[in-house]
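Visitor: Please take me through this structure feature by feature, with the general idea before each case.

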Amino acid sequence: MGRKRRYARRTLGLSTSRVWHRAPKVQPPSQGLAARRAATILIDGVLRRRQPLDEQLDAEGGPLAGLDPRDRALARAIAGMSLRRLGSLRAILDRLLAKGLPGGGASGPLEAMLITGAAQILLMEVPDHAAVSLAVDQAQAHRATRPFAALVNGTLRNVARMKDDFAGVLSDPVRDVPGWLHARRVAAYGAETAYAVAAAERHEAALDLTVKTDPAGWAERLGGLALPTGTVRLADAGAVPELEGFAAGDWWVQDAAAALPAKLFGDLSGKRAADLCAAPGGKTAQLAAAGGEVVAVDRSRKRLERVRENMTRLGFTVETVAADAGEWDGGMFDAVLLDAPCSATGTIRRHPDVAWLKAENDITSLARHQTRLLDAAAGHVAPGGVLVYATCSLEPEEGERQIAALLARDSRFRRRPVRADEVGGAAELITPDGDLRTLPSHFPHENTRFSGLDGFFAARLERSG
């Protein structure tokens, strides 16, 4: 690559990856362009390259690399809003583009540019002219979208001009859920609950912390809210490592719902506990804090390294094993926790890309994998021991049906129902069978930044003898 072309890429903030092509000429970057460009790359990564958002955010040299903190935050905010309201934004663009997106697969990140631009105009406190102008700048700087720069300009100007016409489209949260997923929710929970879940997923999740002691005290110190289950919730946390108590290992980040399954074991003093599929280690830390002698198992060595780093910061000593939990021969334990890999359809509040990356047939293949892991986990439970099975999915095949099938094929186990006092008195989180089932619409609050939970299922089983 010639010197002039390399300079053009640096000046415009363009990546040397295959996603972005050479700029036609050197020109000074527009203010705010870097953040918008990063947001477009993130959305294009999800929609066109099927790349999870978190992988892009955490990637070394990824879209956010080199941005200052303000631009990083703006890029993440635009990407998050674009994904949470993707169904509505697509419906609006479809209305304006009578013939659909031009260029087919050759138009590159054109859809992502339009979506992120429309999100800023309709849903964020961004001046219309800035959203339009910077989207056009992006289109002109990319070889695949350069022929459509005028279309980007005209379409987004129409979005701004016709804002009031789109109020009805934007008001229905069901539009922002893929049709197959909403249909499954209606079948499992009823139309009213499915609507409430969709509405809850439109709001960005707060930062939840599991604290070693004194939730009320930590909530006061950090300016947050202590939930009935013991989680501390922060609406506007800022940089996590800079918060009081992080360096000292007084707490760790963990969604309030994700913190519940490990609580079902109670006191583990003097007991051996296995955490299968353990990374990133939030539940591992809970088992250690409950007094257990913990073995953390995960097939990913890289993710296990993160577990070890977290345990070091928190001051817990656990054994880590890199192995497939379905094949591991690790002996017997008093407590076995299996938080199984799943479709993650309960985590869309935190991971809005999940709704658009998953497909219905994924659930069937994941359920087969969960059955294999669940049978293996049951084999590690000592007589009189306890097995807790959990998934961050709203799909019955990955939760309730897994437990019903296990109990039918393995007579050694029986359900030990969850009690309301074990989950902060929140009886609405317990199913008629005595299992735990949280929904994104649970724990409503007048301030939506304090409301909601991830969707989780957990069942507690006891082995006879």
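**The largest cavity**

Guide: The largest cavity is lined by 15 residues, and those nearest its centre are Arg 84, Asp 176, Glu 201, Ile 348 and Ala 355. This is a predicted model, in which local features need pLDDT of at least 70 and side-chain atom pairs count only at pLDDT 80 or more, while totals for chains, interfaces and linings use all residues. Residues are numbered from 1 along each chain as its sequence is written, and side-chain values use heavy atoms, with hydrogens and water left out.

Visitor: What volume does the largest cavity have, and how many cavities of 30 Å³ or more does the structure hold?

Guide: Rolling a probe the size of a water molecule over the atoms shows where empty space is left. Here a cavity is a set of points, on a 1 Å grid over the protein atoms alone, where a 1.4 Å probe fits but cannot get out; lining residues have an atom within 4 Å of a point. Grid points are joined across faces, edges and corners, and a volume is the space filled by probe spheres set on the points. The structure holds three cavities of 30 Å³ or more, and the largest has a volume of about 90 Å³.

Visitor: Which helices each supply at least two residues of the lining of the largest cavity?

Guide: Helices (H or I, at least four residues) and strands (E, at least two) are DSSP runs, numbered from the N terminus. Those that each supply at least two lining residues are helix 4 (69-84), helix 10 (179-189), helix 11 (191-201) and helix 16 (354-357).

**Strands and sheets**

Visitor: In what order do the four strands of the open sheet stand?

Guide: Two strands pair if DSSP finds at least two bridges between them. The order is 2-3-1-4, with antiparallel pairing. Strand 2 (225-226) and strand 4 (251-253) stand at the edges with a single partner strand each, so one side of each is left without a neighbour in the sheet. Strand 2 is joined to strand 3 (residues 232-234) by two bridges, and Leu 225 stands opposite Arg 233. Strand 1 is joined to strand 3 by three bridges, with Asp 208 opposite Arg 233. Three bridges also join strand 1 to strand 4, where Trp 251 is the bridge partner of Val 211.

Visitor: Which way do the residues of strand 1 point, and are they buried or exposed?

Guide: In a regular strand the side chains alternate between the two faces of the sheet. From strand 1, Leu 207, Leu 209 and Val 211 point one way and Asp 208 and Thr 210 the other way, and all are buried. Buried means under 20% relative accessible area, exposed over 50%, and partly exposed in between (1.4 Å probe, protein chains only).

Visitor: Which elements make a β-α-β unit with strand 6?

Guide: A crossover is right-handed if, with the strands pointing away from the viewer, the path from the first strand over the helix to the second runs clockwise. Strand 6, helix 15 (residues 301-314) and strand 7 make such a right-handed unit. Strand 6 (residues 293-298) and strand 7 (residues 319-322) run parallel, joined by four bridges, and Val 297 has Val 321 as its bridge partner.

**Cysteines and backbone geometry**

Visitor: How many disulfides does a search of the whole structure find?

Guide: A disulfide is a covalent bond between the sulfur atoms of two cysteines. The criterion is a pair of cysteine sulfur atoms within 2.5 Å, and the search finds zero. Cys 342 is in no disulfide, its nearest cysteine sulfur being that of Cys 392, 3.4 Å away. Cys 342 is buried at 12% relative accessibility, and Cys 392 is buried with a relative accessible area of 16%.

Visitor: Where are a positive phi and a cis peptide bond found?

Guide: Most residues other than glycine have a negative phi, and most peptide bonds are trans. Cys 277 has a positive phi of about 55 degrees although it is not a glycine. Cys 277 lies in the loop between strand 5 and helix 14, and at 19% relative accessibility counts as buried. The peptide bond from Ala 279 to Pro 280 is cis, with omega near 10 degrees; Pro 280 is in the loop between strand 5 (272-276) and helix 14. Arg 50 also has a positive phi, near 55 degrees, and is partly exposed, with a relative accessible area of 44%.

Conventions:
On a 1 Å grid over the protein atoms alone, a cavity is a set of points where a 1.4 Å probe fits but cannot get out, and a pocket is an open set with protein on both sides within 12 Å along at least five of seven lines; lining residues have an atom within 4 Å of a point.
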